[in-house]
Amino acid sequence: MIVMQDVRKTFRVTRRKAGMRAALGSLFSREYDTVRALDGVSFTIPDGEIVGYIGPNGAGKSSTIKVLCGILTPDSGVCTVDGLCPWRDRRRHVGRIGVVFGQRSQLWWDVPVGDSFELLRDIYSVPADRFSRTKADLCELLDLGDLLRTPARQLSLGQRMRCEIAASLLHEPRVLFLDEPTIGLDAVSKLAVREFIRRLSREKGTTVLLTTHDMQDIDALAGRVLLLGHGRVLYDGTLAALRTRFDAGHTLDEMVVSLYQEYRI
Amino acid sequence: MKKYVSFFRIRFLTGLQYRAAAWAGLSTQFVWGTMLLLMFRAFYRADTSAFPMTFEQLSSYIWLQQALLALFITWSFDEDLFESIRSGSVAYELCRPADLFGMWMCRTVATRLSRTALRCLPVLIVAAVLPRPWGISPPASPLALLAFLVSVLLGLLVISAMGMLVYALTFYTISPVGLRTIFASAAEFLSGGFIPLPFLPDSIRRVVDMLPFASVQNTPLLIYGGFLSGQEALFRIALQAAWALALILAGRLILLRAIRHVVLQGG
């Protein structure tokens, strides 16, 4: 179970006007702006649920994921994942969660994917027999086969993403955070990834929090949607309920645009 | 502990893959070593008594330096680490149940060792068969050899920990270019990379000897040839250990602070 209660985080960013004068001026005194990345985020996700986390760029989605992974310490608020506070019990907490950052890679570039997996096995102290069983399962479900013997740099994006997802699940986490897992993938790979996430949730009861800009991901996977804007949760409910608010003629993307306009985000 | 060993292993294996780079490095080191020796030979011809070391000692110093170049190199960093800090991939490493400093330190040490493993033997073998006074002489004594090995290990820790400082500070500056340039040029000179430190004027040398840079390659190379021995050698080895410890503690602290304050790049 994931609980977030009134979580706040502000960042200080330097700002200056364009141009030579402003550039020279900023050498001596800098102006700072405070950005409220998270402005009182609250939600609860029960075990085994798949939740889609949407919102425009800069809404605070990635900041939320970073807080939940224990990378970012919020200024205030309460957050627990299965009873542990991510930043206070960091080591124990991260051993129980899996994360996929769609735009980054965790595989070692120059060595075969299988070597990266073995390193992860040791980092997470997964017993050898459990590791080989999980690895075999994941390879079958994600159709990895020969990819394990290929260096990561030679994989296509779709192949790599399947390996990344497998890598994040080798220690059988109860909770999985997916930050834009289908970004840049072709249709076939997208479908494969979605199908896998669905099975993972159904068969293992893994809780999944998924951020994405692809509304089809949400449609295919998530029963529940959280809409984030200006660092707050603006909508929390099912996609179906959201749909009834709009004309049948609207596509998902149009719906999201009207929704963003409605909330001025 | 196993996770750090494993981290070390994967990096070591990766390093062994770069065979072409090793060949290129080897040939550079032969040419460079020969050039240095020819240059010093010309100076020694002018006045042998003006130098603190004999030419044999100098030859040993230079060949050992070339053989261990990759171990003590000051201008080579792990590009992947800078890239992961700049692009934000470091986020993955921050969500591992392991200590970032430990992981990266293992990685740095492993990279240095694997590069050296590919390069040191050919240089040593060729240098050993070169005629006197051009080649490498045997160590001053069995005890000197032992002290040399201990000192090499400590020097490796010192240079790796200094590298960790550069990585940690990169969290603040984002671009590593400035830090690297300053660090590499200062460290190369002060560690005795251009000219052996005993060649410096005494008043300057006394200060430089105490700096952490002198604890990198200078100390083990001087111990090997017997230039440093007895009490003096013991003191310098202790100094190396002290620097290694201090730098590791400082690196950990700065890295911890950097992580806490940093805004991870790229959303």
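A: Strands (E, at least two residues) and helices (H or I, at least four) are DSSP runs, numbered from the N terminus. This is a predicted model, in which local features need pLDDT of at least 70 and side-chain atom pairs count only at pLDDT 80 or more, while totals for chains, interfaces and linings use all residues. Residues are numbered from 1 along each chain as its sequence is written, and chains are lettered from A and ligands numbered from 1 in the order in which they are written.

From strand 6 of chain A, A:Val175, A:Phe177 and A:Asp179 point one way, whereas A:Leu176 and A:Leu178 point the other way. Residues on both sides are buried.

The strand has a partner in strand 5 of chain A (residues 97–101), which runs parallel to strand 6 and is joined to it by five bridges. Two strands pair if DSSP finds at least two bridges between them. Within this pairing, A:Val175 is the bridge partner of A:Ile97. Strand 7 of chain A (residues 207–211) is likewise parallel to strand 6 and joined to it by five bridges; there, A:Asp179 stands opposite A:Thr211.

Between these two strands in the chain comes a helix. Strand 6, helix 7 (residues 187–204) and strand 7 of chain A make a right-handed β-α-β unit. Such a crossover is right-handed if, with the strands pointing away from the viewer, the path from the first strand over the helix to the second runs clockwise.

One residue of helix 7 of chain A is A:Ile197. A:Ile197 counts as buried because it has 23 C-beta neighbours inside 10 Å. Leaving aside neighbours within four places in sequence, A:Ile197 is in contact with A:Val208 and A:Leu221; contact requires that the C-beta atoms of two residues, placed from the backbone, lie within 7 Å. By comparison, A:Ile197 and A:Met4 are 193 residues apart in sequence and 23 Å apart in space, C-alpha to C-alpha.

How values were computed: A residue is buried if 20 or more other C-beta atoms lie within 10 Å of its own, exposed if 12 or fewer, and partly exposed in between; C-beta atoms are placed from the backbone.
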